[in-house]
Amino acid sequence: MRSIWNGAISFGLVSIPIKLVNATENHSVSFRQIHLADGGRIRYRKVCELDEQEVTAAEIGKAYEEPDGSMIPITDEDLGSLPLPTARTIEIVAFVPAASIDPLQMDAAYYLSANGVPAAKPYILLREALKRSRKVAVAKYALRGRERLGMLRVVDDVIAMHGLLWPDEIRSPEGVAPQTEVKVRDAELDLADALMDTLGEVDMDSLHDDYREAVEELIAAKAEGRTLEPAGPDDSGGKVIDLIAALESSVRAAKEARGEEPEAGEEPANAQVAEVTSLTGRKKSGGTGAKKKAAASAKKAAAAKKSASSRAPAKKTAARSTKKPAERTGAGTAAKRTTAKSDPKRAAKKTAPRKRASA
């Protein structure tokens, strides 16, 4: 690895010569700008405004621009001679717990390499002290024309330094959080916890950049004259779904991805989730459609009432007809006998034969 900065770590009265090495590298696919008409490369040339001549990197220096437009040249020697202890030194100012560093402050990462054999012992001493204390070192250093804040910690057997933003460079999150009041139910939290437990942990080495691989495949296909099949439309976004159903489906999908059997009563992960219907598109109940619906309901109720009244006498007739013929005959005979005893003249009238009419 090529060092980008040489200096020393100041650890009290101990000075540890070190080299600063980039700990990360960029694997993103880079593109060039071209002229669409003929495919020619578009380049940016650095041209001096005074003589309009293109200049090389060796001919370019730094300068500070005054408000009136005049330039004050500043050389690397000028910056290197600044009366600052951090000009070529990583000055440790404190040792603090790692949890006290806000991850928002994290910036670029570097490895610190011992520069020379005499630097090995103090380097290892600082490394082991950081390990045993389980703390990180907060330091100040100067790099690329400005003083910076850093955090030193142990990674394997190497001291690594993370550049930190100054506290006043962290913006306040005011106005970013949702402004509406939302109540989260315990059932939703329980499902969220279940989803977190199901997803579990992940091996960070197994994660990779799918987008970069897709871009590389696209470039290879175009170089060979092939055409890649376009990806299908993603219809998962933009839908308003029931939160409980979404969490339950997520838990089932996570279990299936890990090869676990779903519990009894669980539906497949691709089951349709309940969508929340918006009420903004519905018409008000006082409209013409509502009046028609009310009139139809009234007519239907009247017809049902009429049908019920017409069925009532039939029930009574049916009830009378259920008596046995013998019961009806016996009752009639007894009634006639009672009438004859109480009124003999009326009985005699009924029993007397009628005279035939003479021709």
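Me: Which residues form a negative surface patch?

Reply: This is a predicted model, in which local features need pLDDT of at least 70 and side-chain atom pairs count only at pLDDT 80 or more, while totals for chains, interfaces and linings use all residues. Residues are numbered from 1 along each chain as its sequence is written, and side-chain values use heavy atoms, with hydrogens and water left out. A patch joins like charges within 9 Å, from residues with over 30% relative accessible area and no salt bridge; a salt bridge is a side-chain nitrogen of Lys or Arg within 4 Å of a carboxyl oxygen of Asp or Glu. The negative surface patch is formed by Asp186, Asp190, Asp193 and Asp197.

Me: Is Asp197 buried or exposed?

Reply: Buried means under 20% relative accessible area, exposed over 50%, and partly exposed in between, with a 1.4 Å probe and protein chains only. Asp197 lies in helix α3 (residues 186-199), helices being DSSP runs of H or I with at least four residues, numbered from the N terminus. With a relative accessibility of 64%, Asp197 is exposed.

Me: How many salt bridges are there by this rule?

Reply: Side chains of opposite charge can pair when their charged atoms come close. One such network links Arg127, Glu128, Lys131 and Asp157, and Glu147 also pairs with Lys140 at 3.9 Å, N to O. By the rule, the count of salt bridges is 10.

Me: Which residue forms a salt bridge with Glu188?

Reply: Glu188 is buried, with a relative accessible area of 11%. The closest N and O atoms of the pair are 3.2 Å apart, and the partner is partly exposed at 48%. That partner is Arg185.

Me: Which residues does Ile244 contact, leaving aside its neighbours within four places in sequence?

Reply: Ile244 is in helix α5 (residues 243-257) and is buried at 18% relative accessibility. The C-alpha atoms of Ile244 and Leu191 are separated by 7.6 Å, although the two residues are 53 residues apart along the chain. Contact means heavy atoms within 4.5 Å; with those neighbours set aside, Ile244 contacts Arg185, Ala187, Glu188 and Leu191.

Technical notes:
Patches are made of residues with over 30% relative accessible area and no salt bridge: like charges are joined within 9 Å, nonpolar side chains (Val, Leu, Ile, Met, Phe, Trp, Tyr) within 5 Å. Accessible areas come from the Shrake-Rupley method with a 1.4 Å probe; for residues, only the protein chains shown count as cover. Lys and Arg count as positive and Asp and Glu as negative; His and the chain ends are not counted. The place of a charge is taken as NZ of Lys, CZ of Arg, CG of Asp or CD of Glu. Helices (H or I, at least four residues) and strands (E, at least two) are DSSP runs, numbered from the N terminus.
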